[in-house]
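Subject: Structure for your review

Dear colleague,

Please find below the structure that I am handing over to you. My notes on it follow directly after.

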Amino acid sequence: MEFPVRTDNPAKVETACLIVPVFQQGELLPAAAKLDDASERLIGRLIERGDFEAKPGNVQLVPFAPGLSADRLLLVGLGKREKCQERTFIKALDAAFTAIVNFKLPDVATAFADVPVGERDLAWKCRMMAEAAQRAVYRFDTFKSEKAPLPQLESVTLLLSGGDSSEQARQGARIGSAVGDGVALARTLGNLPGNICTPTYLAEQAEQLGRESGGVLSVEILDEAALEALGAHSLLAVGRGSEEPTRLIVMRYQGADNAAEAPHVLVGKGITFDTGGISLKPGEAMDEMKFDMCGAASVFGTAKAVLGIRPQLNLVFIVAAAENMPDGRATKPGDIIKTLKGLTVEVLNTDAEGRLVLCDALTYAERFEPASVVDIATLTGAAIIALGHHATGLLANDDDLALDLLEAGEAAWDRAWHLPLWDEYQEQLDSNFADLGNIGGRPAGTITAACFLSRFADKFPWAHLDIAGTAWHSGKQKGASGRPVGLLTQYLLDREEEVRQIENES
Ligand code: BES
Ligand code: MN
Ligand code: ZN
């Protein structure tokens, strides 16, 4: 999709549809006012007559536009001016682009850059427009015999008013478009069923991303023999009950001027289906455990966004992929395994498998001498109890890193919330028979899961994102969300900016 930027008179813009945001009360925004003047007060009169009520997310197609070069108008409600925050802005965007896609319009121009949203700048608004447009055209109907016609939307012109910087708008749209591509990839990988999206399939996706990148992304796949030789017995223990072979996927992106610059590492939980293993889950909604690789999907999605943006950074993307199944050879409760780090773990519950694959991946990350390591995982049902479906859980062994991630989440509007990782919680993992157990009991399940991981993250600044509540939607809208690709991409771009500032100072 294209996002051209234009600063000329909106009345003269030739397009299938002009998207015009309006507040419930008060004056029209600058572009809307110009359109109103050029069209014999069409917009003002529709509002005065009560034919359009500008509630947040309300939309109204006006199928003709006298005096304007556009074929149509789409009025979009923003609610009350003083209540217009990020949430309303994005809700209005989603409503607008969903309508545009439903009307099968090929090209549109939007005046959303005019909308005041707290302290948000033009680049942010343009980024959100690009992300919303990409969200609206997303389809997942690979397995439907009858497919709805593909969305036609190909071009979204960003209209700016006087004084706005086209360069800022273009920058924002460029980031938003790349994030949108990354989110779409993460959603598709998440939505694919467990019988298609296996660890082998994820490894092939990595190879494909490597090929698409023209060699910018180098890919290495460790198979079971390689993992055995390495000593990654914890990762292997999770896949033992499955016919699908386990994989550790490593993708490297070298974008920094200095090849030796310490990389930032992302580690994704890639359980392509989580039955619970011998500690079998109850049947209800078990299908949703195909989403248990959404951490991995977000790592792929972020890699995709990075390939679109090409920041000057060194990065390593790691995915620990396995299927958790019960079987004669499966790991059993009480089994003791030796991790790649050398610590022994008593597996008290085979359903606490995410931490078992991640701990070896974290140890593997040590070899890159990373500047930071962030793991992303649908790790605990307790994260849903604690935070619901809006905030991603964030835990870290380094407060600066935690703050960087919180800020990235705010900036990308893909937010996380910091939970404590105090030493007091660590003793819940004590085991009578091994160095540690893999469960910490009912209290603070999200925190004790992070405590487990922290034992394997003592060599670098590390943070953990528990996306159990945010990676997918249940119910009628069932499907992967693509979160937290926005947060992660922003986090990485902020690191690039940080390096740039340090270089300018010296
Ligand atoms: N993948 C699940 C966590 C999960 C459950 C995410 C439901 C989203 C929705 C994870 O592997 C798991 O089963 N965790 C257990 C841990 C427990 C056994 C300590 C859980 O949360 O119940
Ligand atoms: Mn589990
Ligand atoms: Zn799981």
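Which residues coordinate the zinc ion (ligand 3)? In this predicted model, the donors are supplied by K269 through NZ, by D274 and D292 through OD, and by E353 through OE, at 2.0 to 2.4 Å. The site has 6 donor atoms with angles of 78 to 175° among them, and its geometry is octahedral. For reference, ideal angles for six octahedral donors are 90 or 180 degrees. Along the chain, the donors of the zinc ion (ligand 3) are spaced as K-x4-D-x17-D-x60-E.

The zinc ion (ligand 3) has a metal neighbour: the manganese ion (ligand 2) lies 3.2 Å from it, and D274 coordinates both ions. Distant parts of the chain are linked here by D292 and E353, which are 61 residues apart. D292 belongs to the loop between strand 9 (264-274) and helix 9 (294-309), whereas E353 belongs to the loop between strand 12 (344-346) and helix 10 (354-365).

Strand 8 pairs with strand 7 (residues 217-222) in the antiparallel sense, over 6 bridges. Strand 8 also pairs with strand 10 (residues 314-324), again in the antiparallel sense, over 8 bridges. V250 takes part in both pairings: V250 is the bridge partner of E220, and V250 also stands opposite I318 in strand 10.

Finally, the cysteines. How many disulfides does the structure hold? The count is 0. A disulfide would require two cysteine sulfur atoms within 2.5 Å. For C17, the closest cysteine sulfur is that of C126, at 18 Å, which is too far for a bond. C17 counts as buried because its relative accessibility is 0%. C359 is in no disulfide either, the nearest cysteine sulfur being that of C451, 14 Å away. C359 is also buried, with a relative accessible area of 0%.

With kind regards

How values were computed: Residues numbered from 1 in each chain as written. Chains lettered and ligands numbered in written order. Predicted model: local features only at pLDDT ≥ 70, side-chain atom pairs only at ≥ 80, totals over all residues. Heavy atoms only, no water. Pairing = 2+ DSSP bridges. Helix = DSSP H or I, 4+ residues; strand = E, 2+ residues; numbered from the N terminus. Donors = N, O, S within 2.8 Å, 3.2 Å for Na, K, Ca; no water. Tetrahedral: all angles 85-135°; square planar, octahedral: opposite > 155°, others 65-115°. Buried < 20%, exposed > 50% of the residue type's maximum accessible area, 1.4 Å probe, protein only.
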